[in-house]
Each structure stands twice: as structure tokens, then as C-alpha cells.
Amino acid sequence: MMKPTLVILAAGMGSRYGGLKQLDEVGPNGEAIIDYSLYDAIRAGFGKVVFVIREDFADEFKARFAPQLEGKIEVAYVYQALDKIPSGYDIHPER
């Protein structure tokens, strides 16, 4: 039986927030919100997590999550970019 995959959409720039909010520590031991989602997914039997991020976030995400997830769940990274939009779709001019 195939295990489910957790997809984490984390490509937002955080321009209104002022930084990379996806990795900000909010928990009592420095956990980010994503850490709680990952913990629950692993306990629930998920077999893979896919981070949808901007490519320029890759180093920070890999440094943060690769060590803690190694051997616990398969990890993949997918890069979202505004210059790689399928034909027929327009980008809002303010993006």
C-alpha cells in the first residue's frame, strides 16, 4: 500500500511579514510551524514530504530539515518560479 505524501507550500516571499516566515521559530524549543506538520505527518504514516519553495530558499530549507528528517521520511524539493509559468496564464502585474 502506498503511503501518503505531505505537500508543504512554502514559496511565499514574506514581503509583508519581513522575512522567511516559514522557518521562524515559534515553539518553546525553536520549532517552526512546519516542524509540527512534519511531526504529525510522520506519526500518521506519511512516506514522503515535498517542499514547494523558491529555489533561493533551498539552502535554508535543506539545512533546517535534512538532518532532522533523514531516515524518518523521504524528502523532495520542488522549485516555484514566476518565470516558469505555463502558457495561457498571466502573472498579476504587482507580483
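Select Asp 35 and Arg 64 to begin, and you will find their side chains meeting in a salt bridge, with N and O 2.3 Å apart; the term is used here for a side-chain nitrogen of Lys or Arg within 4 Å of a carboxyl oxygen of Asp or Glu. The two residues come from distant parts of the chain, since Asp 35 sits in helix α1 and Arg 64 in helix α2, 29 residues apart. Helices (H or I, at least four residues) and strands (E, at least two) are DSSP runs, numbered from the N terminus. Asp 35 is buried, with a relative accessible area of 11%, where buried means under 20% relative accessible area, exposed over 50%, and partly exposed in between, using a 1.4 Å probe and protein chains only.

Before going on, keep in mind that this is a predicted model, in which local features need pLDDT of at least 70 and side-chain atom pairs count only at pLDDT 80 or more, while totals for chains, interfaces and linings use all residues. Residues are numbered from 1 along each chain as its sequence is written, and side-chain values use heavy atoms, with hydrogens and water left out.

How many salt bridges does a search of the whole structure find? The search finds three. For another of them, select Glu 74 and Lys 48, whose closest N and O atoms are 3.8 Å apart. Glu 74 lies in strand β3 (residues 74-79) and Lys 48 in strand β2, so this pair ties together parts that are 26 residues apart in sequence. Glu 74 is partly exposed at 47% relative accessibility, and Lys 48 is partly exposed as well, at 25%. Then select Arg 54 and Asp 56, which form a salt bridge with their closest N and O atoms 2.8 Å apart; Arg 54 has a relative accessible area of 22%, and Asp 56 has 48%.

Next, show the strands, which are said to pair if DSSP finds at least two bridges between them. β1 and β2 pair in the parallel sense over five bridges, and here Leu 6 stands opposite Val 49 in β2. On β3, Val 49 has Val 75 as its bridge partner, while Val 52 is partnered by Val 78. Six bridges join β2 to β3, and these two strands also run parallel. Follow the chain from β2 through α2 to β3, and you trace a right-handed β-α-β crossover, a term that applies if, with the strands pointing away from the viewer, the path from the first strand over the helix to the second runs clockwise. β1, α1 and β2 likewise make a right-handed β-α-β unit. Of the six residues of β2, five are buried.

Finally, select Ile 8, Ile 34, Leu 38, Val 49, Phe 51, Phe 61 and Phe 65, the residues with the most contacts inside the largest nonpolar core, which has 16 residues. Such a core is a set of buried Ala, Val, Leu, Ile, Met, Phe, Trp, Tyr and Cys residues joined through side-chain atoms within 4.5 Å. Two or more residues come from each of β1 (5-9), α1 (33-44), β2 (48-53) and α2 (58-69), and α2 gives the most, with four. If you centre the view on Phe 61, its contacts (heavy atoms within 4.5 Å) include Ala 10, Gln 22, Leu 23, Ile 34, Phe 51 and Tyr 77, not counting residues up to four places away in sequence.
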